[in-house]
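Please look through the sequence and the model below before reading on. The paragraphs that follow go from the chain as a whole to its strands, a helix and some single residues.

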Amino acid sequence: MSCTRPPGSGTRSAAQSHAINPATFGGHPAILADVEEVKIVVAHHERATLRVGDVFLKIDADQRNTDVEVEAMAMAPIPTPEILWRKPPALALAALPGTALGHLGEPSTASSAAWAAAGAAARTLHDAPLPPWPSRFGDRGPGLDEIASDLDGECEWLVANGVLPADLVTRNRQLAETALRPWTPVFIHGDLQVDHVFVDGDEVTGVVDWSEAGQGDALFDVAILTLGHKEHLGDVVAGYGTDVDRDLIRAWWSLRCLTNVRWLAEHGYGSPEEFPEVAVLRSQL
């Protein structure tokens with residue numbers, strides 16, 4: 001279960017109001033025997049994920065995120081990791097078979113059929129009954145005015161601190177504003193980046209990292225899945241089974257990237273000029 005990029009915007013909990021009772025799954029923790037290596041998948045002050053053999057250990061500072069992840073996986077009509085046990089603040093998940101569909105900033109080696117299968121999985125999720133809580137971009141989560149205000153603040157910070165050229169920010173902000181319109185909420189993953197979709201050949205074996213799941217815009221999921229991989233948008237749409245407004249997809253690409261750059265910079269992901277998100281913003285011009 002790879003998580004090389006931050007979940008969502010990285011600054012807000014997806015679990016705004018839905019309380020879920022913590023639970024321990026199974027009678028005993030998974031036995032971690034004969035482990036040759038402990039791999040740090042992601043680590044910052046909000047969250048850490050470790051791979052220990054074939055087990056992933058997730059530790060989240062905000063247990064509401066884990067609450068959402070557990071319940072969303074239970075509700076999702078597509079494959080998800082097996083929950084081995086939960087003992088707050090830790091959640092242990094079994095590794096999925098296969099490999100990630102791709103990685104942001106790198107060419108994907110997955111087949112067109114695998115990308116189409118990912119689109120089909122997204123459609124299956126979006127057709128499922130709604131979960132009872134909103135997502136970060138949910139119909140009952142932050143309103144459009146609040147999202148627009150957040151976008152304004154991030155754009156102002158990027159320009160005021162000389163992180164990105166003003167014309168690059170302005171053009172992408174204009175594109176991003178197109179996404180801020182009413183939509184019919186569906187069950188979304190909320191962070192459906194390519195690292196979170198696992199495939200084996202042409203089949204999806206599972207989707208990981210559900211802490212941003214909730215009610216939201218279906219096109220947000222499609223956009224995050226294809227972020228940095230626009231050459232596969234046609235494959236995803238073919239698998240999704242219905243046409244989508246590609247201008248809105250581009251709008252979500254811009255919004256996602258504009259609102260993630262500061263988080264990445266402040267959490268030690270390197271120089272903004274090297275971020276794949278910045279490359280996406282430049283490709284929008």
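Among contacts in the chain between residues at least 6 apart in sequence, what percentage join residues at least 24 apart? The figure is 74%, where contact means heavy atoms within 4.5 Å. This is a predicted model, in which local features need pLDDT of at least 70 and side-chain atom pairs count only at pLDDT 80 or more, while totals for chains, interfaces and linings use all residues. Residues are numbered from 1 along each chain as its sequence is written, and side-chain values use heavy atoms, with hydrogens and water left out.

The chain has 9 helices and 10 strands. These are DSSP runs numbered from the N terminus: helices are H or I with at least four residues, strands are E with at least two. Of its 285 residues, 55% count as buried. Buried here means under 20% relative accessible area, exposed means over 50%, and partly exposed is in between, with a 1.4 Å probe and protein chains only.

β3 pairs with strand β2 (residues 47-52) in the antiparallel sense over 6 bridges; two strands pair if DSSP finds at least two bridges between them. Within this pairing, Leu50 stands opposite Leu57 in β3. The hairpin of β2 and β3 has 2 residues between the strands, and Gly53 takes a positive phi near 65° there. β3 also pairs with strand β5 (residues 90-94), again in the antiparallel sense, over 5 bridges. Here Lys58 has Leu91 in β5 as its bridge partner. In the loop between β4 (83-87) and β5 lies Pro89, and the peptide bond from Pro88 to Pro89 is cis, with omega near 10°.

Another set of strands forms an open sheet of 3, in the order β6-β8-β9 and with antiparallel pairing. Its edge strands, β6 (99-100) and β9 (203-207), each pair on one side only. β6 and β8 are joined in the antiparallel sense over 2 bridges, and Ala100 stands opposite Phe198 in β8.

Two aspartates in loops belong with this part of the chain. Asp195 is found in the loop between β7 (186-188) and β8 (197-200). Is Asp195 buried or exposed? Its relative accessible area is 0%, so Asp195 counts as buried. The side chain of Asp195 is joined to that of His103 by a polar contact of 2.4 Å. A polar contact is a pair of N or O atoms within 3.5 Å; within protein, one must be able to donate a hydrogen and the other to accept it, and residues adjacent in sequence count only if both atoms are side-chain atoms. Asp209 sits in the loop between β9 and β10 (214-216). Its phi is near 60°, a positive value in a residue other than glycine, and Asp209 is buried, with a relative accessible area of 5%.

Among the helices, α4 (residues 166-177) has 12 residues, which at 1.5 Å a residue should span 16 Å. The expected span is 1.5 Å times one less than the number of residues. The end C-alpha atoms of α4 are 16 Å apart, which agrees. The buried residues of α4 are Leu168, Val169, Asn172, Leu175 and Ala176. Seen down the helix axis, they fall within an arc of 130°, so they line one face of α4; the arc is that of the directions from the helix axis to the C-beta atoms. These buried residues pack against α3 (144-160), α7 (246-258) and α9 (276-283).

Leu233 is in helix α6 (residues 233-240) and counts as buried at 6% relative accessibility. Not counting residues up to four places away in sequence, Leu233 touches Val222, Thr226, Arg246, Ile249 and Trp253.

Finally, the aromatic rings. Rings of Phe, Tyr and Trp (its six-membered ring) pair if their centres lie within 6.5 Å; planes under 30 degrees apart count as stacked, over 60 as edge-to-face and the rest as tilted. By this rule the count comes to 4 aromatic pairs. One of them, Trp263 with Tyr269, is tilted, at 5.7 Å centre to centre and 40° between the planes. Trp263 is buried, with a relative accessible area of 2%, whereas Tyr269 is partly exposed at 23%. Trp183, Phe220 and Trp252 form one aromatic cluster.
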